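Please keep the sequence and the structure in view while reading.

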Amino acid sequence: MFQLRCTVRNCNSTLKPQDNELVCSSGHHFDRAKEGYWSLIQPQDRKSTKPGDTDTAVLARHRWLERGYAHELIKFLDPWTTKALARSKSHEPRILDLGCGEGSFGPALFGTHPNGYCGIDLSKRAVRLAARSWPEATWVLANADRILPIHDESIDCAISLFGRRPVAEIARVSKPGAMCIIAVPAEDDLIELREKTQKTGHRRSRWETIVDEFNTAGLQFQEHQLWKQQLNLDRDAITDALAMTYRAVRYSQQARLESVTNMQVTLAADVLLFQRAK
Ligand SMILES: C[S@@+](CC[C@H](N)C(=O)[O-])C[C@H]1O[C@@H](n2cnc3c(N)ncnc32)[C@H](O)[C@@H]1O
Ligand SMILES: [Zn+2]
């Protein structure tokens with residue numbers, strides 16, 4: 001399995017699997033949840049201004065992905081992950097998925113590397129679903145905005161798909177020359193939905209700010225591409241899109257959509273590739 005390190009304060013020793021536990025050389029141990037994930041979260045890390053997605057949002061995203069709505073994005077990302085792994089010299093590359101969610105992307109993009117893949121999320125509901133769907137991989141309940149349970153310079157490829165981007169920690173855990181793939185919603189992602197709910201569809205592009213942030217941390221910008229798809233949503237899919245989106249939509253705003261039975265929407269993501277300085 002993917003090698004993790006102990007999260008007891010100042011310990012940081014390697015965790016070794018032993019029966020149904022992970023144990024470090026100082027005797028700290030962590031049980032495996034019955035669904036198959038590891039909870040490495042410490043009480044002080046539970047508190048977060050962003051406690052992970054709510055169950056409602058996680059389940060809405062799960063239904064959304066089950067409808068196959070990420071199919072095109074996965075096809076688009078596939079050559080990116082292949083390229084990232086090809087640059088790694090390891091025969092078993094180590095892949096870290098930050099804010100992995102309910103776990104659809106991991107097996108779709110890295111299915112041939114169950115021993116090298118680790119997904120981290122702060123939502124218990126999300127890691128439970130993820131661990132059930134791909135039990136061979138490593139799934140961790142942890143706060144990606146704190147210190148990651150991972151040794152320095154041990155990762156070949158980090159990925160964050162609409163998830164957390166703890167840039168200093170990504171730089172710390174990445175091997176020199178390791179790749180990092182980031183996807184964020186592009187400015188016209190679900191713009192039609194936002195135009196209906198918020199009157200004026202607010203467009204904003206974040207990717208250039210991310211490039212500056214990552215470059216400063218020693219993760220050198222390699223490539224940017226805009227991915228786009230048009231999709232026709234039925235009533236249930238509209239409801240899920242509203243529930244899973246980060247752009248908080250109030251009930252009064254949702255009411256404006258109640259009579260809409262289907263809708264053509266744009267899905268759009270800015271996808272970025274970085275390389276940790278060698
Ligand atoms: C928009 S979802 C994307 C999930 C997945 N990557 C996907 O594309 O389906 C963002 C995820 O980040 C997780 N998250 C939010 N804050 C987090 C944190 N501090 N540490 C780890 N995960 C976090 C949420 O629980 C949620 O599953
Ligand atoms: Zn320990």
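Among contacts in the protein between residues at least 6 apart in sequence, what percentage join residues at least 24 apart? The share is 64%, a value that, like the others in this report, was computed from a predicted model.

## Overall fold

The protein contains 10 helices and 11 strands. Its radius of gyration is 19 Å, close to the 19 Å that the globule rule gives for 278 residues, so the protein is as compact as a globular protein of that length. The C-alpha trace spans about 60 × 40 × 30 Å along the principal axes, and buried residues account for 40% of the 278 residues.

Eight strands form an open sheet with mixed pairing, and their order is 4-7-6-5-8-9-11-10. Strand 4 (38-39) and strand 10 stand at the edges with a single partner strand each, so one side of each is left without a neighbour in the sheet. Strands of a sheet pair through backbone hydrogen bonds, either parallel or antiparallel.

Both senses of pairing can be followed here. Strand 5 (residues 95-98) runs parallel to strand 8 (residues 155-161), to which 3 bridges join it, and Asp-97 stands opposite Ile-159 of strand 8. Strand 9 (residues 174-185) pairs with strand 11 (residues 262-276) in the antiparallel sense over 7 bridges, whereas strand 10 and strand 11 pair in the antiparallel sense over 15 bridges. Leu-272 in strand 11 is the bridge partner of Ile-182, and His-224 also stands opposite Leu-272.

## Two partly exposed residues

Leu-226 lies in strand 10 (residues 219-234) and counts as partly exposed, with 13 C-beta neighbours inside 10 Å. Not counting residues up to four places away in sequence, Leu-226 touches Ala-186, Ala-268 and Asp-270. Pro-185 is 41 residues away from Leu-226 along the chain, and the C-alpha atoms of the two are separated by 9.7 Å.

Gln-42 is placed in the loop between strand 4 and helix 1 (43-46), and with 15 other C-beta atoms within 10 Å Gln-42 is partly exposed. The C-alpha atoms of Gln-42 and Ala-237 are separated by 36 Å, and these residues are 195 places apart along the chain.

Leaving aside neighbours within four places in sequence, Ile-181 is in contact with Trp-80, Thr-81, Ala-84, Ile-159, Val-271 and Leu-273.

Ala-130 is also one of the buried residues of helix 5 (residues 124-133), which are Ala-126, Val-127, Arg-128, Leu-129, Ala-130 and Ala-131. What covers these buried residues includes helix 2, helix 4 (105-110), strand 6 and strand 7 (138-141).

## The shell around ligand 1

Ligand 1 is surrounded by 22 residues, of which the closest are Gly-52, Gly-99, Gly-101, Ser-123 and Ala-144. Helix 2 (55-66) and strand 6 (117-121) are the elements that give two or more residues to this shell. How many residues of the shell around ligand 1 are nonpolar, polar and charged? The shell divides into 9 nonpolar, 7 polar and 6 charged residues.

Key. Residues numbered from 1 in each chain as written. Chains lettered and ligands numbered in written order. Predicted model: local features only at pLDDT ≥ 70, side-chain atom pairs only at ≥ 80, totals over all residues. Near = placed C-beta within 6 Å. Helix = DSSP H or I, 4+ residues; strand = E, 2+ residues; numbered from the N terminus. Nonpolar A, V, L, I, M, F, W, Y, C, P; charged D, E, K, R; others polar. Rg over C-alpha atoms; globule rule 2.2 N^0.38 Å. Buried ≥ 20, exposed ≤ 12 C-beta atoms within 10 Å, placed from the backbone. Contact = placed C-beta atoms within 7 Å. Pairing = 2+ DSSP bridges.
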